[in-house]
Amino acid sequence: MIRMLAAVFAAYCLAAVPAHAAAADDDEGAEKLFTFKDPRITESSGLAVSPTHPGVYYTHNDSAAAPTFYAVDGQGRTKATYRLRGAEARDWEAMAASKDPRTGRGVLWFADIGDNLDGAWPDVSIYKVMEPQRLGDATLPAVRYRFRYADGARNAEGIMVNPRTGRLYVVSKEFAGSVYAAPKTLRTDRTNVLRKVGSAPIMATDAAYAPDGSSYVVRTYFSATLYKPSGETIARVAMPQLEQAESIAFTADGTALLTGSEGVRSPLYRVPLPARAVAAASPSATPTPTPSPAKAESSLDAQADGPADGGLSLKDVLIWLAAAATAIGVITFIARRTA
């Protein structure tokens with residue numbers, strides 16, 4: 001019931017996206033890549049493309065009995081099953097993949113950040129795992145990082161890693177969502193603090209950074225929005241209709257998005273990014289002088305190496321108020337009918 005009401009509210013609030021955000025062409029077309037064939041994959045919630053194994057995708061269930069993830073090929077067949085040692089699976093909601101700049105090895109991140117009661121847990125956890133160099137069933141050691149939000153506990157379903165800086169971000173799932181930056185250096189001996197650095201769409205279900213770090217995307221139940229690292233909106237990208245849209249990732253070449261859903265034998269779709277969105281995200285689209293390393297680092301530190309608040313115009317505020325008023329009426333009507 002809660003998810004249905006949230007979906008109704010989000011549907012009415014889609015109109016609240018600022019007018020300057022260009023929507024993707026509807027005729028771009030989504031292509032179904034495959035269906036997950038493994039009967040154990042029942043709630044595919046996290047998704048990532050392997051940084052080192054071409055044609056391999058990783059996924060995990062939402063609230064599995066064990067901290068397990070799967071390596072899947074381009075036909076949806078499971079190539080390997082992995083279990084994390086030293087990890088729990090309280091409410092896994094997202095994953096991300098990056099590369100260790102020193103070794104070139106892949107790094108996988110698993111986010112136990114779900115909190116449907118918005119404050120049931122004093123802290124949440126994200127696990128770091130070195131990507132296996134060979135595909136095959138195994139138990140892998142995991143490094144656990146504990147987190148708390150600087151402005152109070154909340155529900156979240158999205159994480160992403162900036163490939164340029166290595167900084168980790170969490171995206172909350174709320175009516176007024178936010179992007180939170182983790183500390184530049186993560187500690188295992190104490191709880192790390194997540195600080196708000198930007199805004200996110202309503203009821204975000206996942207997020208991902210582009211492989212080159214030129215943009216990031218946030219998924220909701222209905223669409224996806226592409227942003228510059230500064231937090232400026234590039235485009236809203238239409239998504240295929242799914243039973244329960246939960247995951248998103250960039251393709252290895254960064255020209256398209258991959259999105260999936262929960263459910264048995266759930267599909268995975270490839271959605272091309274509109275050409276203008278790719279051009280807008282590209283660093284070469286608007287040439288600027290190359291800053292010195294000291295200035296670049298200072299600039300990144302000032303932005304927490306990531307998204308910044310863009311603010312709302314008066315028009316945006318009025319649209320939000322109108323959408324909220326309409327949504328409240330619809331929710332009240334549904335609640336009375338189902339009481």
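Here are some friendly notes on the strands and salt bridges of this predicted model.

1. Ground rules. Because the model is predicted, local features need pLDDT of at least 70 and side-chain atom pairs count only at pLDDT 80 or more, while totals for chains, interfaces and linings use all residues. Residues are numbered from 1 along each chain as its sequence is written, and side-chain values use heavy atoms, with hydrogens and water left out.

2. Strands here are DSSP runs of E with at least two residues, numbered from the N terminus, and two of them pair if DSSP finds at least two bridges between them.

3. Strands β4 (residues 57-61) and β5 (residues 68-72) run antiparallel and are joined by four bridges. If you want a spot to look at, H60 stands opposite F69 in β5.

4. Strand β14. How many residues of strand β14 (residues 177-181) are buried? Five of the five are, so the strand is largely enclosed by the rest of the structure. Buried means under 20% relative accessible area, exposed over 50%, and partly exposed in between (1.4 Å probe, protein chains only). G177, V179 and A181 point one way from β14, and S178 and Y180 the other way.

5. Partners of β14. Strand β13 (residues 168-172) pairs with β14 in the antiparallel sense over three bridges, and a hairpin of four residues joins β13 to β14. Strand β15 (residues 192-200) also runs antiparallel to β14, with five bridges between them. A181 stands opposite Y169 in β13 and opposite R195 in β15.

6. Salt bridges. The count comes to ten, taking a salt bridge as a side-chain nitrogen of Lys or Arg within 4 Å of a carboxyl oxygen of Asp or Glu. R77 pairs with D73, their closest N and O atoms being 3.0 Å apart; R77 is partly exposed at 44% relative accessibility, whereas D73 is buried at 9%. D100 and R102 meet at 3.5 Å, N to O, with D100 buried at 12% and R102 exposed at 75%.

7. R187 and D189 form a salt bridge at 2.8 Å between the closest N and O atoms; R187 is partly exposed at 31% and D189 exposed at 56%. Elsewhere, salt bridges that share partners join D151, R154 and E174 into one network.
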